[in-house]
Amino acid sequence: MIFLLNWSDISFLIGRMHPLLVHFPIGILSLAVIMEFGSIFFNKKELGKAALFSLYVGFVATILAGFSGYLISQGGGYSDEMLTPHRWAGISLAVLNILAIVLKTVFREKSWSLKIYLPTLVILLGVVLYTGHLGGTLTHGSDFLNVSQTGQTNQLNVNENFPLSDLPRPEEAYLFNDIVQPILHNHCGSCHNPQKRKGGLDLSTFSSIMDGGDSGPLDVNSISESELLRRLEEPLSSDDRMPPKGKLQLSNIQLELIRWWVAEKYPEDIQLKFMNLPNNIELILNRIDDLNHPVYSNDKLPHVDETVLTSLRRKGYGVNVIADGSPFLEVRFKFKKGETPDEIAEELKPVARHIVWFDLSGTAIKEADFSQFENLTRLNLSQTNIGDSVLKNIASLQNLEYLNLHSTQISSEGIQQLATLSNLKNIYLWNTGILPEEADWLKKRLPETEISLGVTDGS
Ligand code: HEC
């Protein structure tokens, strides 16, 4: 049934065979080296010939293994830090293999040939084993893939899965009560409560937190010496680390929120709307706001199978659930060297109702039926060749809140369609055929919507 598979499936299959294929060069080349030394030791010419034959076969096996390795690496998911040495070791192996063959055939008669040939074989054997070892750590020692679990990266990834929260609209929320307290409760409460005060510390109420533990109360005036923050920022391997290794760690977002609370000198009852929000915090809060959308509380939708997500990722779509435990998906297109989709993949159709955030900006897409994505709340089509005809099936998306159409072919003919999108909060129309007076017309129909026309935007 191979003929029914397309290239990306085939390459995936070949890539999947890498862990199997790599055993051939390891076995064959090791045997070649053993036979060569055996032929010298026992003075058996036949063994030498067999060694040469094994070097040829080993070379073919190395190339096959290398090719499958290349394909599997294209699927992503491996850290470059680990992948690069493995790849170069594999390439060196092929080069040494050719060198050995050339020395044994072309330069066989030369007096110096053997002096180089034998050390080459020894190095070849070493490189075979080393390449295998690097490959092994790459697949099995996969701890390095879980950096975000340690909370140690300083880069903020607002797309990381954030547990669905009961946070009221963020601007109404209280920093301590609604944000800090629940985090401490979930991640620290099992060891730091009034009954079980590990380290003398009870983290259950504001005043008990301020009382501190064995090392004394929290000092509001020396933030930089915050014992609380220091413990959270200790490396995972440290004995001082909180929560201790093996316990449920804070996500980067949660850590960032606690950092902010500490930097603000541990305020107790202040609402976010009265605070100055740093950029990173604003990003996070927008994200939480997004997660509060009523659409996302639909619990009838089944979860998408992980294998479906994996196959979509292979097609170049960045697909993630919007929050832990949610059936809803966020989909982006990840660019692969100028390759962009010009239509919506068939594979997305079965999960159409799951997709709530869809980013196709900058792709070659021209026409698509978006009405199937009935739960979409955010759609980004900026910098595409999308034209007016697409708008009529966008018009039925009643949950849509964010629509980005900047730098597209949209014109005054299409704009009428948008007037039905009464839940729209933001629409971006700059660098399109829409004139300011047409935007004004839309504004009258959608008074709650922020319409952005770029430089000519009068508001
Ligand atoms: C599995 C149990 C456990 C969890 C969960 C835990 N801790 Fe601890 N914590 C301890 C123990 C045990 C100590 C005392 C030993 C030490 O000082 O390392 C301690 C000590 C501390 C101290 C030092 C108190 C002082 O004054 O010396 C701080 C601060 C702290 N934890 C904060 C936290 C925070 C914040 C969390 C949640 C993010 C947390 N811990 C989660 C067990 C835990």
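Predicted model: local features only at pLDDT ≥ 70, side-chain atom pairs only at ≥ 80, totals over all residues.

Visitor: Why is S113 called buried?
Guide: Buried means under 20% relative accessible area, with a 1.4 Å probe and protein chains only. S113 has 5%, so S113 counts as buried. S113 is found in helix α6 (residues 113–139). Across the protein, buried residues make up 43% of the 459 residues.

Visitor: What does S113 touch, not counting residues up to four places away in sequence?
Guide: S113 touches L103, F107 and R108, where contact means heavy atoms within 4.5 Å.

Visitor: What makes α3 roughly antiparallel to α4?
Guide: The axes of α3 (residues 23–41) and α4 (residues 45–74) come within 8 Å and cross at roughly 160°. Axes are lines fitted to C-alpha atoms over the stretch in contact, and angles run from 0 to 180 degrees between N-to-C directions. Angles over 145 degrees count as roughly antiparallel, so α3 is roughly antiparallel to α4.

Visitor: Which residues of α3 meet α4?
Guide: Among them are F24, P25, I28 and L29 in α3, while the α4 side includes L47, G48 and A50.

Visitor: How many helices and strands does the protein have?
Guide: There are 16 helices and 7 strands, taken as DSSP runs (H or I, at least four residues, for helices; E, at least two, for strands) and numbered from the N terminus.

Technical notes
Residues numbered from 1 in each chain as written. Heavy atoms only, no water. Parallel < 35°, antiparallel > 145°, perpendicular 65-115°, else oblique. Buried < 20%, exposed > 50% of the residue type's maximum accessible area, 1.4 Å probe, protein only.
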